[in-house]
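Please examine the structure shown here.

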Amino acid sequence: MQIDAAPPRVDGLLKPGEARTALRISATTLARWARAGTISAVTLPSGHRRYRHADITAILAGAGSGIPDHS
């Protein structure tokens, strides 16, 4: 499935804004999913979070059927 965000960088990670755009969810929902372990976040040495392109693609493809409603 095509992600409606910038293509992944060489490291395959997306910034939070790119992940939110692809998943069509709010910043609050993305943070809640990360805290709950619904989506894994990579924390960089700077403390910033990034999200794996493969994880987002899996969610969009339906592999993340356990994803709670984000409305």
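The sections below describe a helix, a sheet and the packing between them.

## Basis

The coordinates come from a predicted model.

## Helix H1 and its buried face

Helix H1 spans residues 16-23, and its buried residues are Glu18, Ala19, Ala22 and Leu23. These four residues lie on the same side of H1, because the arc they cover around the axis is only 120°. In general, an α-helix has 3.6 residues a turn, so residues three or four places apart point the same way.

The partners of this buried set are strand E1 (13-14), helix H2 (27-36), strand E3 (49-52) and helix H3 (53-60). Just after H1, a positive phi of about 60° is found at Arg24.

## The sheet

The sheet is open and consists of three strands, arranged in the order E1-E3-E2 with antiparallel pairing. Strands E1 and E2 (41-43) are at the edges; each has a single partner strand, so one side of each lacks a neighbour in the sheet.

Strands E2 and E3 run antiparallel and are joined by three bridges. Within this pair, Val42 has Arg50 of E3 as its bridge partner.

## Helices on the sheet

Helix H1 packs on the sheet through contacts with E1 and E3, and its direction makes about 40° with that of E3. Helix H3 also packs on the sheet and touches E1 and E3. The direction of H3 makes about 55° with that of E3.

Technical notes:
Residues numbered from 1 in each chain as written. Predicted model: local features only at pLDDT ≥ 70, side-chain atom pairs only at ≥ 80, totals over all residues. Heavy atoms only, no water. Buried < 20%, exposed > 50% of the residue type's maximum accessible area, 1.4 Å probe, protein only. Helix = DSSP H or I, 4+ residues; strand = E, 2+ residues; numbered from the N terminus. Arc of directions from axis to C-beta. Contact = heavy atoms within 4.5 Å. Pairing = 2+ DSSP bridges. Axes fitted to C-alpha atoms, helices over the stretch in contact; angles between N-to-C directions.
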